[in-house]
Amino acid sequence: MYLDPVSGEVLGTGRSVRHPILIFAHQLHGNFLMGGKFGRLIVGWLGVAMCLLGLTGLILWWPKRGQWQYAFKVRGSAMGLRFHRELHAATGIWIFLIFMAVSFSGVVIAWPQTMGLNSPALGPRLVPAVEPLEGKRLGPTEAVIAAAAAVPGLKPVSVIMPGRPDRPIIVNYLSHDAVAAALVVDPYRGKVLGIRDASEHFLAWMRPVHQGSLGSIWRFLVFLSGLVPTLFVVTGLTMWWKKRQRHVPMTMMTDDVTADEAA
């Protein structure tokens with residue numbers, strides 16, 4: 001249940017505090033509304049396809065000798081096929097690193113076991129048992145105070161109170177304001193029993209990279225990386241169609257003209 005920390009008012013239960021559109025978008029993005037491992041598997045393969053499209057796009061973009069000055073912009077004189085090609089290429093190269101980072105991190109999140117995200121160093125650890133004592137146990141505020149003594153500048157995200165007397169309190173926070181971390185606190189003695197901080201591992205940064213939680217600038221760049229595939233589709237289809245029109249056999253064109261005259 002979600003409670004207002006000041007008034008104590010019940011704000012909602014489960015996912016009811018989230019807007020239905022956000023829930024739908026999250027499920028569509030994460031598993032195509034299929035749920036379970038099958039949907040995540042498909043999303044992972046789509047992420048691989050996005051990475052391959054990015055790499056092959058870089059190869060196709062690579063300019064010839066003497067053409068580098070035109071590789072990062074759309075020339076004002078460009079029209080027709082050239083305009084769509086330059087817009088496609090210039091947009092792709094400017095967003096390339098962000099696009100690849102978001103695509104690769106999406107694969108890691110979709111396939112955590114395959115990519116090593118659930119390795120012993122990064123995955124969940126056993127919660128140690130504590131010896132119960134007579135008397136009052138620590139509340140969430142006292143647990144956060146104890147945790148802050150072990151991690152200066154701690155900004156707690158949530159506090160998990162134990163449902164059993166032999167279990168510790170878990171104080172969740174963001175290490176470096178990005179990576180999920182946790183402290184285990186003895187609810188009777190106020191001692192920190194352990195710290196789980198995986199921020200030194202490369203894979204632990206994949207979720208913050210993917211969801212844009214590395215600052216407002218990075219969030220905006222991730223937002224742009226979600227828009228540019230639409231531009232790639234439009235310009236790519238337009239280039240394909242214009243090239244197809246260029247390669248229509250003359251016999252077909254003659255037949256079309258004759259049919260029009262007869263009509």
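Biologist: Over which residues does pLDDT stay under 50, and how many contacts beyond four places in sequence does the model have there?

Modeller: That would be residues 252-263, where pLDDT stays under 50 and the model has one contact beyond four places in sequence. Two terms there: pLDDT is the predictor's confidence in each residue, from 0 to 100, and contact means heavy atoms within 4.5 Å. Where pLDDT is low, the predicted coordinates should not be read in detail.

Some ground rules: this is a predicted model, with local features needing pLDDT of at least 70 and side-chain atom pairs counting only at pLDDT 80 or more, while totals for chains, interfaces and linings use all residues. Residues are numbered from 1 along each chain as its sequence is written, and side-chain values use heavy atoms, leaving out hydrogens and water.

Now for the elements. For the protein chain, the mean is 87, and 89% of its residues reach 70 or more. The chain has nine helices and six strands; these are DSSP runs, helices being H or I with at least four residues and strands E with at least two, numbered from the N terminus.

Next, α8 (residues 216-246): its axis comes within 9 Å of the axis of α3 (residues 80-94), and the two cross at roughly 150°. That makes α3 roughly antiparallel to α8 (under 35 degrees counts as roughly parallel, over 145 as roughly antiparallel, 65 to 115 as roughly perpendicular and the rest as oblique). The axes are lines fitted to C-alpha atoms, for helices over the stretch in contact, with angles from 0 to 180 degrees between N-to-C directions. Among the residues that meet are Leu81, His84 and Leu87 in α3, and Leu231, Phe232 and Met239 in α8. By class, the contact of α3 with α8 has six nonpolar, eight polar and four charged residues (Ala, Val, Leu, Ile, Met, Phe, Trp, Tyr, Cys and Pro are nonpolar, Asp, Glu, Lys and Arg charged, and the others, Gly among them, polar).

At the other end of the numbering, α1 (residues 20-31) and α2 (residues 36-61) pack at about 70° with their axes 6 Å apart, so they are roughly perpendicular to each other. His29, Gly30 and Asn31 of α1 meet Gly39, Arg40 and Val43 of α2. The loop between α1 and α2 holds Phe32 and Leu33. Most residues other than glycine have a negative phi, yet Phe32 has a positive phi near 55° and Leu33 one of about 60°. Phe32 is partly exposed at 35% relative accessible area, and Leu33 is partly exposed too, at 45% (buried means under 20% relative accessible area, exposed over 50%, partly exposed in between, with a 1.4 Å probe and protein chains only).

Another is Leu138, at 17%, in the loop between α5 (112-115) and α6 (140-150). Leu138 and Asp186 are 48 residues apart in sequence, but 8.4 Å apart in space, C-alpha to C-alpha. Beyond four places in sequence, Leu138 touches residues including Asp186, Met161 and Ile169.
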